[in-house]
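Me: I have a structure open and would like to learn how to read it. Could we go through it feature by feature?

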Amino acid sequence: MDREQPHGLTKLLGIELVEAEEGYVVLTGTATPDVYNMLGIAHGGFAATLLDSACGLAATSALPDASHCVTLEVKVAYHAAITEDAGELRAIGNVLSLTRRTAYAEAKLVDANGKLYGSATSTLYIAPQRT
Ligand SMILES: CC(C)(COP(=O)(O)OP(=O)(O)OC[C@H]1O[C@@H](n2cnc3c(N)ncnc32)[C@H](O)[C@@H]1OP(=O)(O)O)[C@@H](O)C(=O)NCCC(=O)NCCSC(=O)Cc1ccccc1
């Protein structure tokens with residue numbers, strides 16, 4: 001599971017992997033003012049990063065160890081503005097289908113009460129060997 005731990009941007013944003021099963025992960029993250037835009041709400045890239053990562057890690061968790069995947073395209077929907085008041089958010093990623101070369105995944109971003117802030121669907125390319 002080491003390869004599924006946050007790196008780089010996700011680490012910078014304080015995103016953590018808290019649950020992982022085959023084809024399923026949960027990431028957490030909190031929108032501090034550091035990620036706000038000029039409107040005083042979280043920049044869309046914050047939710048997009050959580051959702052893209054949840055899709056990507058859900059797909060990764062369903063692959064053999066030697067394989068990895070990259071996002072080919074991701075569609076993000078923003079259902080409610082995010083501020084620090086939302087508290088810790090959970091990005092729940094699920095793989096919906098896998099072929100030899102592609103994965104299709106979805107993710108939802110919710111607060112502790114289950115309020116939906118964002119959702120995404122993603123198509124990923126599966127590479128047979130890690131690069
Ligand atoms: C690898 C590839 C997609 C393609 O390799 P290239 O060398 O350019 O081309 P090559 O000819 O070798 O093609 C190989 C195979 O690919 C296929 N194919 C190509 N395009 C498409 C298409 N649009 N749609 C469908 N299939 C397509 C093509 O037909 C061929 O199929 P074949 O094998 O013959 O059956 C490359 O363009 C790339 O890296 N893109 C950037 C991706 C990226 O950076 N994403 C963001 C980072 S991920 C992230 O942050 C989230 C995350 C977090 C955690 C964990 C996981 C995820």
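Reply: We can start with the ligand. By class, the shell around the ligand holds five nonpolar, three polar and two charged residues. Keep in mind that this is a predicted model.

Me: Which residues are around the ligand?

Reply: They are Asp52, Gly56, Leu57, Thr60, Cys69, Val70, Thr71, Leu72, Arg101 and Tyr125. The protein covers 36% of the 1100 Å² of accessible area that the ligand has on its own. Two elements, α2 and β3 (68-78), each give two or more residues to the shell.

Me: How do I read single polar pairs between protein and ligand?

Reply: Look at which atom belongs to which partner, and at the distance between them. At threonine 71, a backbone N or O atom lies 3.0 Å from a nitrogen atom of the ligand. At tyrosine 125, a polar side-chain atom lies 3.1 Å from an oxygen atom of the ligand.

Me: What should I look for in the protein interior?

Reply: In soluble globular proteins, nonpolar side chains tend to be buried together. Here the largest nonpolar core has 32 residues, and Leu27, Phe46, Leu50, Ile82, Leu89 and Leu109 touch the most other members. The elements that give two or more residues to this core are β2 (24-29), α2, β4 (89-98), β5 (102-110) and β6 (116-127).

Me: Which element gives the most to this core?

Reply: That is α2, with nine residues.

Me: Is isoleucine 82 buried or exposed?

Reply: Isoleucine 82 counts as buried because its relative accessibility is 6%, and the cut-off for buried is under 20%.

Me: Where is threonine 28, and is threonine 28 buried or exposed?

Reply: Threonine 28 lies in strand β2. Its relative accessibility is 5%, so threonine 28 counts as buried. Beyond its neighbours within four places in sequence, threonine 28 is in contact with Gly14, Ile15, Glu16, Val18, Leu50, Glu88, Leu89 and Arg90.

Me: What about residues in helix α2?

Reply: Take two of them. Cysteine 55 is found in helix α2 and is buried, with a relative accessible area of 0%. Serine 61 lies in helix α2 too, which covers residues 44-61, and serine 61 is buried, with a relative accessible area of 12%.

Me: What does cysteine 55 touch?

Reply: Not counting residues up to four places away in sequence, cysteine 55 touches Ala105, Glu106, Ala107, Ala120, Ser122 and Leu124.

Me: How do I compare distance along the chain with distance in space?

Reply: Cysteine 55 and alanine 120 are 65 residues apart along the chain, and their C-alpha atoms are separated by 8.0 Å. For serine 61 and glutamate 21, the numbers are 40 residues in sequence and 6.8 Å in space, C-alpha to C-alpha. Isoleucine 82 and threonine 30 are 52 residues apart in sequence and 9.3 Å apart in space, C-alpha to C-alpha.

Me: Where is leucine 13?

Reply: Leucine 13 has its place in the loop between α1 (8-12) and β1 (16-21). Leucine 13 touches Val35, Phe46 and Thr49, not counting residues up to four places away in sequence.

How values were computed: Residues numbered from 1 in each chain as written. Predicted model: local features only at pLDDT ≥ 70, side-chain atom pairs only at ≥ 80, totals over all residues. Heavy atoms only, no water. Helix = DSSP H or I, 4+ residues; strand = E, 2+ residues; numbered from the N terminus. Buried < 20%, exposed > 50% of the residue type's maximum accessible area, 1.4 Å probe, protein only. Core = buried A, V, L, I, M, F, W, Y, C linked by side-chain atoms within 4.5 Å. Near = heavy atom within 4 Å. Polar contact = N/O pair within 3.5 Å; in protein donor to acceptor, adjacent residues only side chain to side chain. Areas by Shrake-Rupley, 256 points an atom, 1.4 Å probe, with all protein chains shown as cover. Nonpolar A, V, L, I, M, F, W, Y, C, P; charged D, E, K, R; others polar. Contact = heavy atoms within 4.5 Å.
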